[in-house]
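Thanks for coming. I will go through some charged pairs and then the ligand site, and I will keep it short.

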Amino acid sequence: MHDAVDRIARRFRETTRPFSGASRAELQSLVDAVDLDGPGRGTAAAVLEADTLFAEHAVWFHHPDYAAHLNCPVALPAVAAEAVVAAVNASLDTYDQSTVGTLMERHLVDWVTARIGFPAGDGIFTSGGTQSNLQALLVARDHALATAEPLPGAPDALRRLVILATASSHFSVQKSARILGLGDDAVVAVATDSSGRMDPAALRDALDLCRASGSVPMCVVATAGTTDRGCIDPLAPIADACDATGTWLHVDAAYGCGLLVSPTRRHLLDGIERARSVTVDFHKSFFQPVSSSAVLVRDPADLAPVTWYADYLNPAGSEEPNQVDKSIQTTRRFDALKLWVTLRALGADRLGEMFDEVVDLAARAHTMVEDDPDLRLVGRSQLSTVLFRYQPAGLTDADADALVPLVRRVLFQSGRTLVAKTVVDGRPCLKLTLLNPESTDTDVRRVLDVVRGAASALVEEARMLAPVPALEAEVVL
Ligand SMILES: *Cc1c(COP(=O)(O)O)cnc(C)c1O
């Protein structure tokens, strides 16, 4: 253990870029060279291999030149707790396997539900936002099926269920719909305003249309922090529309949940307390190691559809608090300890300030991009993403679009700077997700400079290959 800690600490001290830049072929041959049927080589050698094979080529989310996906650097108290979690290896399915851990998890769930504004709420830790969304949609589905009025001559109720979300909602909503047996077109995209936020008037129309056409609105999914734009759907007007029609409101706050502890921005989540279920992802905006997520409900009875009793585990009528009664997992890690230790070490306010710091940094990054004649900002974010393109005067939209994947790939291959790409309103763009509270304006400027340098080199290269007219040639590049 000490050896592993020393090695990883050295990596953190000495790593100078977010990725080694090794090619996939190179990494594949390193992995293929390992014979898993070979004799044991001892813990020291195996730990060394974890360092030289894995850590050497891992992607380092703490590095200020990592600005790609929704991965946060982790709070050290949580890393220390992770070692305790793994070593004790409690399983939180039943009380007799975790005892005080069960009580600590429940205390933490109560803390989160209080922050949301569910005074009598309940919930459970899960493996991630995808599982949290799946479980929320599962219980919403069962509620809809239990309450849907039969429609003579219509297909069975399951096929009539509809989930209303925006095109910017997370893809786990679609995946859940499929897993839950809904029709392929069950997720209906509600129109948005120009920044990608759900339009409440369009939601009311969509709910009316559902009913008129014999569909059953199973659930409205509002996203509090979209993965790309970091936008928060207008929760209170959406809750009004749901209340007026008796529709289940699920708020996916996988990204925006950090606002629950923000000393300055908690109001951005106003209305979340009117949801019936909420997803939070502590491994997105609470600086927790993967996995750490939870699904919360306003009414504890709503978790009942996942309850099943087994004589060997959680017999019916048991008086012990068996968390498995509320989970779709059985054996389950004590991930809650990581958040517990983090809260006790830093305090909720400090955690919230850390999230505020990355949101503030992103706001300044938006201005940097706007002020840069070579870059174009693709809308502002309410959280910590920065969407932009390299497009100096004279470069057509088509060329700017074609450059996006090329720039991202060149940077990835260099290992120096990692950025993401996505598509907004039908056009590709580059994306920074800033989640490192220690990153500075200088760090962001350096990332933008590297992007600009790579993009202009690609344009030059295309012009040299096909001097005039260069435009199509750039696309071919
Ligand atoms: C990341 C994300 C999810 C999925 O969470 P995982 O932890 O990756 O499973 C769901 N919803 C939103 C809005 C997200 O950003």
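I call something a salt bridge when a side-chain nitrogen of Lys or Arg lies within 4 Å of a carboxyl oxygen of Asp or Glu. What you see is a predicted model, where local features need pLDDT of at least 70 and side-chain atom pairs count only at pLDDT 80 or more, while totals for chains, interfaces and linings use all residues. Residues are numbered from 1 along each chain as its sequence is written, and side-chain values use heavy atoms, with hydrogens and water left out.

By the salt-bridge rule, the count is 33. One of them joins Asp-270 to Arg-266, at 3.9 Å from N to O. Asp-270 has a relative accessible area of 46% and is partly exposed; Arg-266, at 23%, is also partly exposed. On those words: buried is under 20% relative accessible area, exposed is over 50%, and partly exposed is in between, with a 1.4 Å probe and protein chains only.

Next, Asp-372 and Arg-452 form a salt bridge at 2.2 Å, N to O. This pair links distant parts of the chain, 80 residues apart: Asp-372 is in the loop between α14 (348–370) and β9 (375–377), and Arg-452 is in helix α16 (residues 441–465). Helices here are DSSP runs of H or I with at least four residues, strands are runs of E with at least two, and both are numbered from the N terminus. Asp-372 is buried, at 10% relative accessible area. There is also a network, in which salt bridges with shared partners join Glu-82, Arg-333, Asp-335 and Lys-338.

Thr-130 places a polar side-chain atom 2.6 Å from a ligand oxygen. For Asp-252, the distance from a polar side-chain atom to a ligand nitrogen is 2.6 Å. His-283 has a polar side-chain atom 2.7 Å from a ligand oxygen. On its own the ligand has 380 Å² of accessible area, and the protein covers 86% of that, by the Shrake-Rupley method with a 1.4 Å probe.

Methods: Polar contact = N/O pair within 3.5 Å; in protein donor to acceptor, adjacent residues only side chain to side chain.
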